[in-house]
Each structure stands twice: as C-alpha cells, then as structure tokens.
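Trainee: I would like to learn how to read a few features of a structure. Please take them one at a time.

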Amino acid sequence: MIMRFLSKRIEEVLRVKFTPEVLEVVNESQLHDKGENSHFKILIVSDAFKNKSLVQRHREVNSSLKEFWDNGVHSISVHAKTLEENTGRIPKSPYCKNK
Amino acid sequence: MLARSLWKATLRRFSEESHKSGPGFVYIDTTNVFNPIGFIDEIVNKSKVLLFMKGTPESPQCGFSNYAVQALNYYNVKNYSYVNILENPTIREEVKKYSDWPTYPQLYLNKEFIGGCDILSDMHKNGTLKDLFEKHGVVSKD
C-alpha cells in the first residue's frame with residue numbers, strides 16, 4: 001500500500017462512513033519517533049455518534065480505518081463529537097518525542 | 001562464575017523492582033506469564049483501577065501514557081494497579097485483543113473498560129471524568 005497522502009485517504013474513508021459536518025485529520029508523526037505516517041489526530045463531528053459512548057465512537061472510527069492500522073499506522077488519536085457537543089476547538093496532543 | 005552473575009542479576013532486579021511500586025500505585029509483574037489471556041482476565045477482574053501503560057508512573061515512556069498517569073493523580077485516584085506493557089511483548093499484543101483497542105494507555109475501572117488518553121482528555125475537558133471516578137468509588141479521601 002502506498003503511504004503517500006495518508007491524511008487525505010483517511011479523510012475519504014471517514015467522510016464516506018460518517019458524513020461528518022466537521023472533519024480534520026492531522027498527521028502528527030513529527031511529534032514521535034516512529035516514521036512519517038505513524039501518528040494521526042482526528043477531530044470528527046457527526047450525528048452518527050449520537051447516543052453512542054465515547055468508547056463505541058472510538059471503536060467505530062478505528063474499525064473503519066482498519067486498512068491503515070494494518071499498514072503501519074501506529075496510533076490514531078480520535079476526538080469524536082456530535083454536532084451538539086462540538087466546541088470547535090481541536091485538543092492538543094501530548095508530546096512524545098525522544099521517549 | 002555463573003552463580004555469581006545470576007546473583008548479581010537477582011540483586012539488580014530486586015533494586016529495580018523497589019522503584020516499580022510507589023505511593024499511590026502498585027506494580028503488576030508481567031515478566032513471567034504463562035497463560036496471558038487468563039492472566040489479563042484475572043487482573044482486570046481483581047483490580048479496582050487498572051492502567052495498562054508504556055513505562056511506569058514514575059517514568060512514563062510515552063506522552064499519552066503520561067497523560068493517563070497525570071489524570072489519575074489530578075483526581076486523587078490512589079492505589080491503582082498498573083502494567084508496563086513494554087515489559088512483555090506477548091502481553092502487549094494480547095491486551096490489545098482482549099480490550100479490542102489498538103493503543104495504549106488503557107484504563108479499566110471495576111472491570112469496565114474506560115478508554116485511552118483521548119477519552120480521558122475529552123472527559124476531563126467536559127467535566128465528566130470527576131463524576132466517573134466518583135461513581136466508581138476510586139477517589140481517595142486523603
């Protein structure tokens with residue numbers, strides 16, 4: 001699998017599955033030491049998450065991205081909200097490099 | 001000579017071990033696990049608060065794991081058990097399957113899977129994390 005433009009490809013998969021109102025996929029691999037396409041942060045706002053627990057939402061996002069997990073992605077940070085819950089702010093991820 | 005090096009190794013392990021548990025957290029040794037799934041099931045069922053993390057609470061090896069430790073400290077959750085998943089690669093992979101969760105850290109409260117760093121962070125920001133810990137009765141009075 002070609003690893004280029006991974007953020008865009010992740011975005012496409014999530015758009016199809018969740019038809020989100022807001023979607024941001026950020027490649028955070030530069031904060032870590034595991035390669036160029038290892039760490040991503042996702043903010044996804046969709047009413048597909050209504051009445052679902054945080055764990056359920058996270059699991060659904062993870063399973064929709066299964067092909068990426070199987071191909072070298074090491075960590076995906078997920079912030080999944082419904083329209084009502086969305087504050088518009090993207091949470092900052094912990095810094096990990098050189099650990 | 002073999003006996004001497006074995007003895008030295010034992011001494012070294014003993015002194016390392018003494019740093020692994022500390023005030024507020026209890027180390028679960030996973031270096032010699034023969035039945036990983038049974039072991040994981042047992043510790044999940046026996047622990048009030050169980051954190052699977054990278055590194056130790058005194059020396060986390062990952063920013064996400066560090067966040068989880070800080071969250072437990074912030075809400076005064078004491079005497080939690082932890083597993084350093086860097087210690088045993090088999091346990092590291094088996095816990096992911098057991099929890100159906102691909103990353104670390106992973107927090108369990110009273111056998112219930114709570115989630116990882118993102119979930120703890122979202123709950124902390126919207127004020128529900130305090131309620132969760134109180135509901136599970138894991139907040140220390142002192």
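Trainee: Is S29(A) buried or exposed?

Mentor: Buried means under 20% relative accessible area and exposed over 50%, with partly exposed in between (1.4 Å probe, protein chains only). S29(A) has a relative accessible area of 3%, so S29(A) counts as buried. This is a predicted model, in which local features need pLDDT of at least 70 and side-chain atom pairs count only at pLDDT 80 or more, while totals for chains, interfaces and linings use all residues. Residues are numbered from 1 along each chain as its sequence is written, chains are lettered from A and ligands numbered from 1 in the order in which they are written, and side-chain values use heavy atoms, with hydrogens and water left out.

Trainee: Where is S29(A) found, and which residues is S29(A) in contact with?

Mentor: Helices (H or I, at least four residues) and strands (E, at least two) are DSSP runs, numbered from the N terminus. S29(A) sits in the loop between β1 (22-27) and β2 of chain A. Contact means heavy atoms within 4.5 Å. Leaving aside neighbours within four places in sequence, S29(A) is in contact with G35(A), E36(A), N37(A), S38(A) and H39(A).

Trainee: What does the side chain of S29(A) reach?

Mentor: A polar contact is a pair of N or O atoms within 3.5 Å; within protein, one must be able to donate a hydrogen and the other to accept it, and residues adjacent in sequence count only if both atoms are side-chain atoms. The S29(A) side chain reaches the backbone nitrogen of H39(A) at 3.1 Å. A polar contact of 2.5 Å also joins the side chains of S29(A) and N27(A).

Trainee: How is the size of an interface given?

Mentor: It is often given as the accessible area lost when the parts come together. Buried area is that loss (1.4 Å probe), summed over both parts. Chain B and chain A bury about 1,700 Å² between them, 62% of it on carbon and sulfur atoms. In chain B, F64(B), D118(B) and D122(B) lose the most area to chain A, together 32% of what that side buries. The contact takes 23 residues from chain B and 20 residues from chain A.

Trainee: How many salt bridges count between chain B and chain A?

Mentor: A salt bridge is a side-chain nitrogen of Lys or Arg within 4 Å of a carboxyl oxygen of Asp or Glu. The count between chain B and chain A is one. The side chains of R59(A) and D100(B) meet in a salt bridge at 3.6 Å, N to O.

Terms used. Buried area = accessible area lost by both parts, 1.4 Å probe.
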